[in-house]
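Here is a colleague's quick note to read alongside the structure. Have it open while you go through the points.

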Amino acid sequence: MFLARLASRNGFARHARTFSTSLKRDAAKVALLGASGGIGQPMALLLKQSPLVGDLALYDIVNTAGVAADLSHVNTPARVTYHQGLEQLPKALDGADIVAIPAGVPRKPGMTRDDLFNTNASIVRQLTETSANTCPKAIMCIISNPVNSTVPITAEVFKNAKAYDPRKILGVTTLDIVRSSTFVSGLLKNVDPQDVSVPVIGGHSGITILPLLSQANPSLSFEAAEIEALTSRIQNAGTEVVEAKAGTGSATLSMAFAGVRFVTSILEALNGKENVIECAFVESNVHPDVKYFATPIRFGPNGVEENLGIGKLSDFEAQKLKELIPELQKNIAKGEAFVKQ
Ligand code: NAD
Ligand code: LMR
């Protein structure tokens, strides 16, 4: 019995080795910074299952050995490495094609995302400085809040390192997209949430999150009051989770799902898939009064290929857009000033 088990285990090991050498040559290296956290761990689990990921480098300031030991037993080809503390960060980033950053503190009830700035701005600056020096051509996927400021921080850091490529600095707003399709499909009959798409533009906090329900696919025939209520629910969905978690954190599982959807799309675009479209918060000239803005983007092998713009807005959306600009300008200026000072 023991021998039979051993033989079957060896058989499996052989199979695993073969599988691992038959990895697609273009399987990428993804570095996950903040890998031991509420978002980091489920993101790592989902990335470990991706055939597009060849190497998964887990970096955090705590617990990476445990997370990596656990994850490395999952029988999928992606190789897992772990790195802990600033000294080991360059090794985690070395050769990375994509750097995903969910490092930093989450909100507690009563806080805005901007209240996280004092702590998270320094964390993001530190991580992106090392990224700009170690893997300057990697595509940076910024999850840490406040995204409206951490993306400009990342851009300024890369400019200082003379490595700035606006096509590669991306703020991850996919959770707003995921929530929009979930909430909209909940109001429709017999519609799979994954068959509903709603572009979400602007930024990633409060009123800067602007779902374009007039551009939903399938198109919606909601009353004005329903559109207003739905818009407000999407804008406050993060707070809904923060309050439900009552001081223990913010969205982690849905964010990991959304983050891996986004990273997967970028990996597909890197591998030459055409017409890969996701919304993201990027440097942008779609609105004359803000330097960074979230819109649907077509991604290619070098990151942003084409900004698909805002499209035609309803009167309600045009008014909401006007209202969000001053807040977004403030968030962006705060991020830029933090690095410039
Ligand atoms: P968490 O506290 O559970 O995990 C954060 C992790 O970051 C921890 O493991 C911590 O050790 C690590 N960390 C702290 N300082 C670090 C440093 N200097 N270097 C590397 N790692 C460091 O928090 P979480 O729930 O995973 O949320 C993380 C961030 O993501 C928060 O800022 C949160 O607001 C943000 N978030 C963004 C979105 C979005 O849509 N973009 C959604 C949800 C959460
Ligand atoms: C979210 O939208 O869930 C995140 O930005 C976390 C938060 O603080 O709401």
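**Notes on the helices and a few loop residues**

1. P146 sits in the loop between β5 (139-142) and α6. A cis peptide bond joins N145 to P146, with omega about -5°. Helices here are DSSP runs of H or I with at least four residues, strands are runs of E with at least two, and both are numbered from the N terminus.

2. Before going on, a word on the source: this is a predicted model, where local features need pLDDT of at least 70 and side-chain atom pairs count only at pLDDT 80 or more, while totals for chains, interfaces and linings use all residues. Residues are numbered from 1 along each chain as its sequence is written, chains are lettered from A and ligands numbered from 1 in the order in which they are written, and side-chain values use heavy atoms, with hydrogens and water left out.

3. There is another cis peptide bond to look up: the one from N217 to P218, with omega near 5°. P218 is in the loop between β8 (209-211) and α8 (224-235).

4. Now to helix α5 (residues 117-134). α5 has 18 residues and reaches 25 Å from its first C-alpha to its last, close to the 26 Å expected at 1.5 Å a residue (the expected span is 1.5 Å times one less than the number of residues). Which residues of α5 are buried? They are F117, N120, A121, V124, L127, T128, T130, S131 and A132. Buried means under 20% relative accessible area, exposed means over 50%, and partly exposed is in between, using a 1.4 Å probe and protein chains only. As background, an α-helix has 3.6 residues a turn, so residues three or four places apart point the same way.

5. α5 packs against α6 at an angle of about 35°, with the axes 9 Å apart. Axes are lines fitted to C-alpha atoms, for helices over the stretch in contact, and angles run from 0 to 180 degrees between N-to-C directions. On the α5 side the contact uses F117, A121, V124, R125, T128, E129, S131 and A132, and on the α6 side S149, T150, I153, T154, V157 and F158. Contact means heavy atoms within 4.5 Å. By class, the contact of α5 with α6 has 7 nonpolar, 5 polar and 2 charged residues. For the classes, Ala, Val, Leu, Ile, Met, Phe, Trp, Tyr, Cys and Pro count as nonpolar, Asp, Glu, Lys and Arg as charged, and the others, Gly among them, as polar.

6. One residue of α6 to click on is T150, in the helix that covers residues 147-160. Is T150 buried or exposed? T150 counts as buried because its relative accessibility is 1%. Beyond its neighbours within four places in sequence, T150 is in contact with V124, I142, S144 and N145.

7. How do α5 and α11 (residues 315-340) meet? Their axes come within 11 Å and cross at roughly 55°. That angle is why α5 counts as oblique to α11; angles under 35 degrees are roughly parallel, over 145 roughly antiparallel, 65 to 115 roughly perpendicular, and the rest oblique. The crossing of α5 and α11 is right-handed. F117, A121, S122 and R125 of α5 make the contact with K334, G335, F338 and V339 of α11. Those residues divide into 4 nonpolar, 2 polar and 2 charged.

8. V198 is in the loop between α7 (174-186) and β7 (200-202). At 2% relative accessibility, V198 counts as buried. Leaving out residues up to four places away in sequence, V198 touches I177, S180, V184, P211, L212, L213 and A216.

9. R167 lies in the loop between α6 and β6 (169-171). With a relative accessible area of 35%, R167 is partly exposed. Not counting residues up to four places away in sequence, R167 touches N302, G303 and V304.

10. N190 is in the loop between α7 and β7 and is exposed at 82% relative accessible area. A246 is in the loop between α9 (237-245) and α10 (253-270) and is exposed at 57%.

Technical notes. A crossing is left-handed if the near helix is turned anticlockwise from the far one by less than a right angle, and right-handed if clockwise.
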